[in-house]
Amino acid sequence: IGLGARDSLRLEAGLCLYGSDLDPHTTPIEAGLAWSIQKSRRTGGARAGGFPGADIILRQLADGTARRRVGLLPEGRAPVRAHTMLYAAAEGGEPVGEVTSGGFGPSLGAPVAMGYVTAASAALGTLLHADVRGKRLPVRVAPMPFVPNRYKRP
């Protein structure tokens, strides 16, 4: 029960899980975690660069990325799980992304998912299609977190 609760609540909060949403081949910029790069370490900062992957990360900060992590709200009640391929069209075409985490959001009362899609497919409100057991179901790119946080900083 503990892992299931953790997974559904972190998904509603739009938080990444290493091994699912993050891996050694994913940069913080692709994952939407640019806030984790100190301003002093960015181009033009007092201590610019000097961290693992700085050349790639600083280039992505300046030029953008080919793919982005997005929130996905499936239309209907069927959850969209990890490793589900995402398509721009209801039929045919090449995949534009893949779901990395998905399930039912208990606070939201609806299915939620996160995944990586091409930059061209990452705009909020974009309609995509998830291939669930051979059937393409509509999903929309949505803002994260799915459920606004209600905690206060001390």
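Author: Let's start with a cut-off: a residue is called buried under 20% relative accessible area, exposed over 50%, and partly exposed in between. Keep in mind that the model you see above is predicted.

Reader: Thanks! How is glutamate 75 classed by its relative accessible area?

Author: Glutamate 75 has a relative accessible area of 41% and therefore counts as partly exposed. Its side chain also forms a salt bridge with arginine 140, where the closest N and O atoms are 3.1 Å apart. Glutamate 75 sits in the loop between E1 and strand E2 (85-87), while arginine 140 belongs to strand E6, so this pair ties together parts that are 65 residues apart in sequence. Arginine 140 is partly exposed as well, because its relative accessibility is 35%.

Reader: How many salt bridges does the count come to?

Author: The count comes to four salt bridges. For each one, you can look at the distance, then at where the two partners lie.

Reader: Which parts of the chain does the pair of arginine 67 and glutamate 30 link?

Author: Their side chains meet in a salt bridge at 3.4 Å, N to O. The pair links distant parts of the chain, with arginine 67 in strand E1 and glutamate 30 in the loop between H1 and H2, 37 residues apart. Now apply the cut-offs to each partner. Glutamate 30 has 10% relative accessibility, so glutamate 30 counts as buried. Arginine 67 reaches 28% and is therefore partly exposed.

Reader: And are arginine 10 and aspartate 21 buried or exposed?

Author: Both of them are buried. The side chains of arginine 10 and aspartate 21 meet in a salt bridge of 2.7 Å, N to O. Arginine 10 is part of helix H1 (residues 2-12) and aspartate 21 is in the loop between H1 and H2, so the bridge ties together parts eleven residues apart in sequence. Asp7 comes in too: Asp7, Arg10 and Asp21 are linked in a network of salt bridges.

Reader: How should I read a helix, then?

Author: The general idea is that an α-helix has 3.6 residues a turn, so residues three or four places apart point the same way. In helix H2 (residues 54-63), the residues Ala54, Ile57, Leu58 and Gln60 are buried. Down the axis of H2, these buried residues fall within an arc of 160°, so they line one face of the helix.

Reader: Which residues are exposed on the other side of H2?

Author: There you find Asp55, Ala62 and Asp63 exposed. Just after H2 comes glycine 64, which takes a positive phi of about 90°.

Reader: What about the nonpolar core?

Author: In soluble globular proteins, nonpolar side chains tend to be buried together. Here the largest nonpolar core has 14 residues, and Leu72, Leu86, Leu128 and Val139 touch the most other members. Two or more residues of this core come from each of E1, E3, strand E4 (110-118), strand E5 (127-132) and E6. E5 gives the most, with three residues.

Reader: Where does valine 139 lie?

Author: Valine 139 lies in strand E6. Its relative accessible area is 1%, so valine 139 is buried.

Reader: Which strand gives the most to the lining of the largest pocket?

Author: E1 gives the most, with three residues. Strand E1 (67-74) and strand E6 (135-142) each supply at least two residues of that lining. Sorted by class, the lining of the largest pocket has 17 nonpolar, four polar and one charged residues.

Reader: How much space lies in the second largest pocket?

Author: The second largest pocket has about 190 Å³. Among its 13 lining residues, those closest to its centre are Ser20, Asp23, His83, Glu98 and Thr100. Strand E3 (residues 95-105) gives the most to this lining, with three residues. By class, the lining of the second largest pocket has four nonpolar, five polar and four charged residues.

How values were computed: Residues are numbered from 1 along each chain as its sequence is written. This is a predicted model: local features need pLDDT of at least 70, side-chain atom pairs count only at pLDDT 80 or more; totals for chains, interfaces and linings use all residues. Side-chain values use heavy atoms; hydrogens and water are left out. Helices (H or I, at least four residues) and strands (E, at least two) are DSSP runs, numbered from the N terminus. Ala, Val, Leu, Ile, Met, Phe, Trp, Tyr, Cys and Pro count as nonpolar, Asp, Glu, Lys and Arg as charged, and the others, Gly among them, as polar. On a 1 Å grid over the protein atoms alone, a cavity is a set of points where a 1.4 Å probe fits but cannot get out, and a pocket is an open set with protein on both sides within 12 Å along at least five of seven lines; lining residues have an atom within 4 Å of a point. Grid points are joined across faces, edges and corners, and a volume is the space filled by probe spheres set on the points. Buried means under 20% relative accessible area, exposed over 50%, partly exposed in between (1.4 Å probe, protein chains only). The arc is that of the directions from the helix axis to the C-beta atoms. A nonpolar core is a set of buried Ala, Val, Leu, Ile, Met, Phe, Trp, Tyr and Cys residues joined through side-chain atoms within 4.5 Å.
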